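Hi there,

Here is the structure I promised to pass on.

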Amino acid sequence: MKKIAILVSFIIISSCKVAQKTEVKKEAIVETNPETNEWVYLFDGSTTKGWRAYNGDSLPPGWTIKDSTLTFDTALGLEQDYEGGTDIIYGAEEFDNFELYLEWKLPEGGNSGIFYHVKEGYDGPPVVSPEYQLIDDENYARIHNLTDYNSQFGAKNPEVLQDWQKTGADYAMHVADESQKKLNPVGEWNSSKIVFTPEKVEHWLNGKKLLEFQPWSEDWNKKKNSGKWDNAPDYGKFKKGFIALQDHSSPIWFKNIKIKRL
């Protein structure tokens, strides 16, 4: 009887320990659940898990991790026979209202962008998704010929980079406040933040707010229907989607990509 009692006591104690461990594990899941308003890393410098090509199943050639950064290596991208697009999305989950933060740098003449509310099945993110523009404001027009491209939109000086094409702009929609812009020179790190809610969208650069607007408002629709996106019927209409990063045929470096739901 004494041995049986000891055995029963051991089973009860062991069961309690298992229950306690299970409870702790549940609490850990809640603490890291992306449904909370805690920061969740989309890229932490160690893995590309969750990232893949837009309309694809894996990362396109050229996208890799170097020195804890997510980078597009143009030379590496040209080494392989690849016919798909090279823009990438964080395809593990979609986001609606959020605050997105990341750090980035470009080379001289570089160009890239950050997209949100991305949906697949289109030619690329730009025709369907708003873009936080990333570009070398100072040197891009000197290195690239913009005249033909900008002339189609009636630019008075098509040879220069337009306000709606500069870093921090809501590309081809809302321009950045240049008086608040502190853009670090090429080769140096910058930080960007996008805050999205149905009431207000904000673009930040290096701790300064560059612009804000109300999505789907009368003013928003007027801009959408009278400029670059008037022939893109689905541009900006989705209220939930993927986060995407653009390859624009130049090297680009990203780090500390994180998001929290609002």
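Below is what I found in it, starting with how to read the values.

This is a predicted model, in which local features need pLDDT of at least 70 and side-chain atom pairs count only at pLDDT 80 or more, while totals for chains, interfaces and linings use all residues. Residues are numbered from 1 along each chain as its sequence is written, and side-chain values use heavy atoms, with hydrogens and water left out.

The sheet: 5 strands make an open sheet in the order 2-5-12-7-8, with antiparallel pairing (strands are DSSP E runs of at least two residues, numbered from the N terminus; two strands pair if DSSP finds at least two bridges between them). Strand 2 (51–53) and strand 8 are at the edges with a single partner strand each, so one side of each has no neighbour in the sheet. Strand 7 (residues 111–118) pairs with strand 8 over 5 bridges, and N111 sits opposite I135 of strand 8.

The loop: N139 lies between strand 8 (131–135) and helix 3 (140–143) (helices are DSSP H or I runs of at least four residues). N139 counts as buried because its relative accessibility is 10% (buried means under 20% relative accessible area, with a 1.4 Å probe and protein chains only). Beyond its neighbours within four places in sequence, N139 is in contact with E108, G109 and V186 (contact means heavy atoms within 4.5 Å).

L245: leaving aside neighbours within four places in sequence, its contacts include W51, W63, F254 and I257.

Best wishes

Technical notes: Buried < 20%, exposed > 50% of the residue type's maximum accessible area, 1.4 Å probe, protein only.
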